[in-house]
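Below is a briefing on one protein chain. Please look over the sequence and the structure before reading the points that follow.

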Amino acid sequence: MPQIAAIDAHHHLWKYNPQEYPWIAGGMGALQRDFLPNHFKKEMDLAGVSVSVAVQARQTLEETNWLLSMAEDNDFIRGVVGWVPLTAPDLMEQLEPLMSRGKLKGVRHVLQDEADDRYLLRQDFQSGIRRLRTFGLSYDILIYERHLPQTIQFVDTHPNQLFILDHVGKPRIKDGRISPWRENLRELARRENVYCKVSGMAVEADWARWTPDELKPYFDVALEAFSARRLMFGSDWPVLQVAGSYLSWNQMVRRWVSGLSRDEELRILRGTALEAYNL
């Protein structure tokens with residue numbers, strides 16, 4: 001049976017500048033260079049990935065516009081998850097020109113870096129979230145596992161908004177901890193408007209020593225919680241490269257899903273991303 005041409009629902013692009021990417025430090029020397037569409041296309045072709053969704057790495061409108069330009073110039077980038085100022089009173093006016101460019105599919109704010117662990121429950125932030133439905137945009141949730149309880153409360157406030165949880169909610173894999181992440185993830189997954197990305201897991205483990213057997217239980221929990229219908233493949237490239245190669249990550253996820261039905265395999269590798277991001 002031919003290999004499924006996967007969709008990578010989560011990768012980044014950047015022109016590296018240490019002032020603009022201060023989080024790239026502490027053993028991340030492999031990331032301190034440019035990562036552009038031509039670099040990524042080579043990785044995709046080797047791994048049997050056909051199209052992708054580019055996700056913001058800086059919280060600027062400048063980067064959102066740049067990612068949209070990259071998507072316009074490279075047809076394999078079918079969608080962009082950009083950053084917009086969700087707390088701004090003129091959010092609608094700032095979104096309109098971005099939407100006119102055609103490939104903005106969702107937005108993301110780096111909640112995991114906010115000093116306030118309950119930032120997502122702020123009224124001005126939630127007001128911005130409510131405006132996304134006007135444009136048919138999804139919202140990517142980037143959090144650490146400790147934020148899952150308040151994320152459940154947040155999602156319950158927006159039952160008609162489509163949410164996509166990045167990196168299976170960043171469990172504490174390096175510490176060997178599966179609870180309370182497992183229980184909270186299952187509770188979050190009870191909300192049918194939440195989808196989840198199988199991505200970023202190796203980065204949450206010991207970069208030099210993790211094994212597929214160490215990561216598999218976390219995948220199994222996510223699969224049981226969300227089912228194949230709301231689970232999608234992503235890589236988190238190039239951040240992934242601190243912990244492994246693009247090809248090996250792709251091959252590992254394919255092995256995990258190979259034991260499922262062909263329809264479930266197709267759903268995780270392609271179908272969920274097509275639906276969630278309206279690609």
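Histidine 167 is buried, with a relative accessible area of 4% (buried means under 20% relative accessible area, exposed over 50%, partly exposed in between, with a 1.4 Å probe and protein chains only). This histidine sits in the loop between β6 (163–165) and α6; helices (H or I, at least four residues) and strands (E, at least two) are DSSP runs, numbered from the N terminus. The model is a predicted one, in which local features need pLDDT of at least 70 and side-chain atom pairs count only at pLDDT 80 or more, while totals for chains, interfaces and linings use all residues. Residues are numbered from 1 along each chain as its sequence is written, and side-chain values use heavy atoms, with hydrogens and water left out.

**Loop residues**

- Leaving aside neighbours within four places in sequence, histidine 167 is in contact with His10, Leu142, Lys197, Ser199, Gly200 and Asp236 (contact means heavy atoms within 4.5 Å).
- Aspartate 236 lies in the loop between β8 and α8 and is buried at a relative accessible area of 6%.
- The phi of aspartate 236 is near 65 degrees, a positive value in a residue other than glycine.
- Lysine 170, in the loop between β6 and α6, also has a positive phi, near 50 degrees.
- With 12% relative accessibility, lysine 170 counts as buried.

**Cis peptide bonds**

- The bond from serine 179 to proline 180 is cis, with omega near 5 degrees, and proline 180 is in the loop between β6 and α6.
- Tryptophan 237 and proline 238 are joined by a cis peptide bond with omega about 0 degrees; proline 238 belongs to the loop between β8 and α8.

**The sheet**

- Eight strands form an open sheet in the order β1-β2-β3-β4-β5-β6-β7-β8, with parallel pairing (two strands pair if DSSP finds at least two bridges between them).
- β1 (6–11) and β8 (231–233) are at the edges, each with a single partner strand, so one side of each has no neighbour in the sheet.
- On average, neighbouring strands of this sheet are turned by 30 degrees against each other, direction ignored (axes are lines fitted to C-alpha atoms, for helices over the stretch in contact, and angles run from 0 to 180 degrees between N-to-C directions).
- β1 and β2 pair in parallel over 4 bridges, and histidine 11 stands opposite alanine 54 in β2.
- The chain passes from β1 through α1 to β2 in a right-handed β-α-β crossover (with the strands pointing away from the viewer, the path from the first strand over the helix to the second runs clockwise).
- Of the 7 residues of β2, 6 are buried.
- β2 and β3 also pair in parallel over 4 bridges, with isoleucine 77 in β3 as the bridge partner of serine 52.
- β4 (residues 104–109) runs parallel to β5 (residues 138–141) and is joined to β5 by 4 bridges.

**Helix packing**

- Helix α5 (residues 148–156) packs on helix α6 (residues 181–189) at an angle of about 5 degrees, with the axes 9 Å apart.
- α5 and α6 are therefore roughly parallel (angles under 35 degrees count as roughly parallel, over 145 as roughly antiparallel, 65 to 115 as roughly perpendicular and the rest as oblique).
- The buried residues of α5 are Leu148, Gln150, Thr151, Ile152, Phe154 and Val155, and these pack against α4 (123–132), β5, β6, α6 and β7 (194–198).
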